[in-house]
Amino acid sequence: MVKFDVCIVGGGAAGLMASVFAARGGAVVAVVERNTAVGRKLLRTGRGRCNITHDGDIDHFVKAFDFCGRFLKHSLYEFSPESTIDFFAKLGVKSKIEKDGLVFPTTDKAATVKNALLQEAQRLGVKFIYGRRVDGLVKDDSDFTITAGDDTITSKSVIIVTGGKSWPDLGSTGDGYQFAKLLGHTIVDPIPALTSLVSGAKWLTKLQGVAVGDVKVFAKIAGKKIASTGPMMFTGKGIGGPAVFEFTRFAAEQLANIKGTIEVHIDLLAGDTDEDFRQALRNFAFANPKKKVLSYLSDILPARLAAEVAVFTDISEDTPLSQLPKKKCTKLVEMIKHLPIHVTGTAGFAQATITRGGVDTKEIDPQTMQSKICPGLFFAGEIINVDGPCGGYNLQIAWSTAALAGKSAAQKESGRT
Ligand SMILES: Cc1cc2nc3c(=O)[nH]c(=O)nc-3n(C[C@H](O)[C@H](O)[C@H](O)COP(=O)(O)OP(=O)(O)OC[C@H]3O[C@@H](n4cnc5c(N)ncnc54)[C@H](O)[C@@H]3O)c2cc1C
């Protein structure tokens, strides 16, 4: 039976990157993937275009990662956002920086990224074992035994890269948490983040597909004020899009413990203060007294949303702006700047871009990604209790932690650490 130096459990973004770095370090490497192909989630990233990283220096990333920035700092120095761009360029995948600093392959195809990683790993002799769901991981004095049904693999080191619990249809169902627990690790409760918010409000169904460019989503939940800005989208069952996704990251813990409903507000014109908007409305009404309220609202908001705002404000569609009573004018400002939505929770793991929670970072050495509890055991990617905002930050976590884990595992097996 072949004994591997490094066995990588999971063939997602982090698993593929770890395999390349472990093999480049001279280790004999196997990747065990439960799906019949690697990188299924990777292929879905960035709507199939794969937002591989973000344009920014390490300080920018550390700040964006907030609670987990300190833990990730060393891995970012080892394999920075710039290294990501260079690494893929050397494998023939050039990239481009788009609006707001998002970095994509010039092909606009996630498949190019996955194929480049897989081909490099294959070129280095990594053995891929497909269609095997690892169901056991134990360690004796020196080696690990990995089981997948009737199959058994022996390895000197193991890197667990099974991801979180988000988008379970693609393979990440949280299996790795069990292995980590059995080997002595603490799991911070996994909760969905970067996801949509769900509401039972009937009026939202009429707005399915309506997008708004620049909103602020805000609420006070369990005494904590939470706000995020950016584009949003009405999903029919609730609200989604970048501003809402970001909100669910900031409020992940609070949203996981909602009892009943909470009131979330949307500022539909986030660029203006309430007073700016009130004044602009007054000036416009003065200059255009005959303009109908609905027509005015449709100029500043998508038409379907404008009609709903008019209904909420109890304003007849034909009312000219000059005849808008002061009370209704105040209500209109209130609706546009503080639109209330009663939210019952998030859309859950099925639609969450990432999982917040996972293996406690206190139990992992940030210099190597090796377990502080079980020597020879390494972690990388989403299984760790680390997460970032939308925009290429989460794949950068996968690349940086996996490159470091792969390199460290290979060094350990060659006796260099
Ligand atoms: C729809 C969507 C779009 C996204 N777009 C972006 C983006 O554009 N940019 C960005 O930065 N981030 C994006 N993300 C987040 C990003 O995809 C993840 O952060 C990243 O994939 C995490 O990599 P990972 O390798 O840790 O986990 P995963 O990619 O989830 O890989 C885990 C792998 O382990 C395998 N596995 C699990 N259990 C077992 C087992 N028991 N035995 C064997 N194999 C197992 C799984 O099948 C899977 O292949 C997106 C996420 C989603 C859901």
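Me: Where is Asp-66 found?
Reply: Asp-66 is in the loop between helix 3 (58-64) and helix 4. Helices (H or I, at least four residues) and strands (E, at least two) are DSSP runs, numbered from the N terminus. Residues are numbered from 1 along each chain as its sequence is written. This is a predicted model, in which local features need pLDDT of at least 70, side-chain atom pairs count only at pLDDT 80 or more, and totals for chains, interfaces and linings use all residues.

Me: Why does Asp-66 count as partly exposed?
Reply: A residue is buried if 20 or more other C-beta atoms, placed from the backbone, lie within 10 Å of its own, exposed if 12 or fewer, and partly exposed in between. Asp-66 has 13 C-beta neighbours inside 10 Å, so it counts as partly exposed.

Me: What is the phi of Asp-66 near?
Reply: It is near 25 degrees, a positive value in a residue other than glycine. Most residues other than glycine have a negative phi. Asp-108 also has a positive phi, near 60 degrees. Asp-108 is in the loop between strand 5 (102-105) and helix 6 (110-123). With 14 other C-beta atoms within 10 Å, Asp-108 is therefore partly exposed.

Me: Which helix holds Ser-295, and how far is Ser-295 from Thr-248?
Reply: Ser-295 is in helix 11 (residues 293-300). Ser-295 and Thr-248 are 47 residues apart in sequence and 34 Å apart in space, C-alpha to C-alpha. Ser-295 has 16 C-beta neighbours inside 10 Å, so it counts as partly exposed.

Me: Why are helix 4 and helix 14 called roughly perpendicular?
Reply: Their axes come within 8 Å and cross at roughly 80 degrees. Axes are lines fitted to C-alpha atoms, for helices over the stretch in contact, and angles run from 0 to 180 degrees between N-to-C directions. Angles under 35 degrees count as roughly parallel, over 145 as roughly antiparallel, 65 to 115 as roughly perpendicular and the rest as oblique. Helix 4 and helix 14 are therefore roughly perpendicular.

Me: Which residues make that contact?
Reply: Leu-72, Ser-75, Leu-76 and Glu-78 come from helix 4, and Ile-397, Ser-400, Thr-401, Ala-403 and Leu-404 from helix 14. Two residues are in contact if their C-beta atoms, placed from the backbone, lie within 7 Å.

Me: Which residues come nearest to the ligand?
Reply: Of the 38 residues around the ligand, Gly-10, Gly-12, Gly-163, Gly-171 and Gly-381 come nearest. A residue is near a molecule or strand if its C-beta atom, placed from the backbone, lies within 6 Å of it. Helix 1 (13-24), helix 2 (40-44) and helix 14 (393-413) each supply at least two residues of this shell.

Me: Which domains does the protein have?
Reply: The domain assignment, which is automatic or from a database, gives domain 1 (3-191 + 356-413) and domain 2 (196-347). Their contact takes 5 residues from domain 1 and 7 residues from domain 2. The centres of domain 1 and domain 2, taken over C-alpha atoms, are 39 Å apart.
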